[in-house]
Amino acid sequence: MNQRIPVTELTSTFRERATGALADQQLRTNFRTAMDSLMQKRADAFPDEDEREGLRELGNRIKARALSQLPDLLEQLEANLTANGVKVHWAETTEEANQIVHSIIEARQGTQVVKGKSMVSEEMEMNEYLADRGIECLESDMGEYIVQLDHEKPSHIIMPAIHKNRHQVARLFHDKLGVDETDDVDELIQIGRRTLRRKFLEADVGVSGVNFAIAETGTLLLVENEGNGRMSTTAPPVHIAVTGIEKVVQNLRDVVPLLSLLTRSALGQPITTYVNMISSPRKPDELDGPEEVHLVLLDNGRSGAFADAQLRQTLNCIRCGACINHCPVYVRVGGHTYGEVYPGPIGKIITPHMVGLQKVPDHPSASSLCGACGEVCPVKIPIPEMLQRLRQENVKSPAEGPKVKDGGAKYSAKERLIWRVWKTLNTSPALYRLFLWGATRFRKLTPSNVGPWTENHTAPVPARRSLHDLARNHLSGNGSAKGGQ
Amino acid sequence: MSARNNILQKLRSGLVGTTPRPDDFDERLVTEPWQYNPDDRIRQLRTQMEAVHTELYQVTSQNWPEKVAEVLAARNLGNLLHAPGTEHGSQLAEYWQSSGQSVELLTYDRPIEEWKDELFWNVDASVTGTLGAIAATGSLVVWPDRMEPRLMSLLPPLHIALLKASEIEDNLYTFMKRNNWSAGMPTNLLLVSGPSKTADIEQVLAFGAHGPKELVVLILEDA
């Protein structure tokens, strides 16, 4: 029952994984189909541009207002939840958060945990942590369940199993659950329903994430379509919600536009099937619901992003995944290439704060800066601007004091020197002319191997005559310019 | 406590010299696009809910129990969970007795722990009241309580919800304001917009993921 679930180890680099993913035609078809459809659904859900832009502006202001008083709101949230009977815990690291969760489960002598969808619990690698301590932690969102069954990680924050098609799921269910192989999606879902319903019944503890934590009323708001979130937060005797510290909003009314932005941006739905607002554990006269409700507030690098006024905007994120769906890089390389919990544009700007740039040095540069992510973001995070800022932090020397965790991961003294020489040449006309004179005469001496460029291109060789030279010649009337190359 | 203090201190040091941003919430943005005249309100609700496979029937506050019996008979179901302690629950029970219905009426009258297995596997349908509905998004507002606990609208494969026509609001914002939710929230408050569903496999929509496979809404007109 309590088998250790091995997790695919990622020892390769982003580039290596990207190369593999690009060559996988099945994977690319699965992603292309899904992303095209998600983009269309979002577009259909916002038929009125003025309405959409007004709402995005409001969403941005609500998050900016919440962040501008974040510590106060967190204290207010804690006070109101505590008054409602919910126990609030704080964790700086994922290790601390796991310890808190484990101790709550241990106090109830729990052995089975059922989990609603939670990206923060993915950050914590809670399943593995608990499995190592003899506690089974089962995913109950259909997509997450499929991914867990195949010992994989989610490839999308909203659609965890989007990289798989129905045939792959059919084969997986056949192999792991011993059921007849069927390609019928309805039947596959019913298999999942029956298997997981037993788990909801047996579970000692339910774990969930939080979409919005409302300070004013001390309420945890969760959105979902399947009902697994309601199950996980209602059926077991204990409910533990885990969330990042940036999820708090000031007032109940603030969630009205955010909710609309979230579901329309994510899936093109006017609303999800369930919006579940939890404010307290079971009261003495009530007949169901958990006897204990806990909230674990996790930092895990968020306060690092918060410290910088520009990078703080990263924390506006409401995890809709629209930037992922619209990213030309993500659709080609897929979610697993990123090698971390959050893929795509949001992953590129949030992950460095969590794990440090040393671990994800390619994240800020794995982008064409096309700007689609920033354009669709429902809370108007200027993602391309964040990427450029992270690129700068990524090449800062230790002396320049990078502002991001493990900044300067790509700092190279050699590269810095080359740019300094380039700058000197280009700001000093005499030196520039001298350089041109030399470059055009000693052109054959350029190296034939210039790093990654020559992996796919022939080495560049300077022309025999410079443009200056040719222009001078042309203007002095010495006939047509001759011989560029 | 140290994690708490460390986090708060780090956040506070990032805000030195700043002031909280003003609350410039513009309620027009969440109300004006979502306003309907009384006739359109039900139409909007119906369109939204039918788009996600919800069945809606307009009945009267007198004859609705007949519709419940009809819905159950069409599906050949054996039992129905109801709440006799509520006004609508007792109305249903009375009708059941007077018309000699064969479908067994069940009651959620004990803590979940005492009948978990039965409730999880053997209840075919439930009928509950609602606090009202939101036309814009096609959502029922469900406020579970002692009489109609949280799992009552979640576990049975068929959920029949009663909605008074007069309690349909245009949008979530006006619903929230009118009912003064910010003054105090119950243990659990739900917006329910259709039967449970998932699109996690190839984005193919499938109904009956973990919650009800079917949602039937009876809109009660005051007779």
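Two strands count as paired if DSSP finds at least two bridges between them. Strands and helices here are DSSP runs (E, at least two residues, for strands; H or I, at least four, for helices), numbered from the N terminus. What you're looking at is a predicted model, where local features need pLDDT of at least 70, side-chain atom pairs count only at pLDDT 80 or more, and totals for chains, interfaces and linings use all residues. Residues are numbered from 1 along each chain as its sequence is written, chains are lettered from A and ligands numbered from 1 in the order written, and side-chain values use heavy atoms, leaving out hydrogens and water.

Let's start with chain B. Strands β7 (residues 158-164) and β12 (residues 214-221) of chain B pair in the parallel sense over 7 bridges. Look for Leu162(B): its bridge partner in β12(B) is Leu218(B). In general, the strands of a sheet pair through backbone hydrogen bonds, either parallel or antiparallel.

Now zoom out to the sheet. It is an open one of 6 strands in chain B, with the order β1-β12-β7-β4-β2-β3 and parallel pairing. At its edges are β1 (54-60) and β3 (104-107) of chain B, each pairing on one side only. From one strand to the next, the twist averages 25°; axes are lines fitted to C-alpha atoms (for helices, over the stretch in contact), and angles run from 0 to 180 degrees between N-to-C directions. Helix α5 (residues 87-98) of chain B lies across β2 (79-82), β3, β4 (125-129) and β7 of chain B, at about 145° to β2(B). Contact means heavy atoms within 4.5 Å.

Next, the rings. Rings of Phe, Tyr and Trp (its six-membered ring) pair if their centres lie within 6.5 Å; planes under 30 degrees apart are stacked, over 60 edge-to-face, and the rest tilted. That rule gives 9 aromatic pairs over all chains. In one of them, Phe25(B) and Tyr173(B) have ring centres 5.8 Å apart and planes at 15°, so they are stacked. This pair links distant parts of the chain, 148 residues apart: Phe25(B) is in the loop between α1 (2-14) and α2 (28-31) of chain B, and Tyr173(B) is in helix α7 (residues 172-178) of chain B. Buried means under 20% relative accessible area, exposed over 50%, and partly exposed in between (1.4 Å probe, protein chains only). Phe25(B), at 13%, is therefore buried, and so is Tyr173(B), at 4%.

Over in chain A, ring pairs link Phe14(A), Phe31(A), Tyr330(A) and Tyr338(A) into a cluster.
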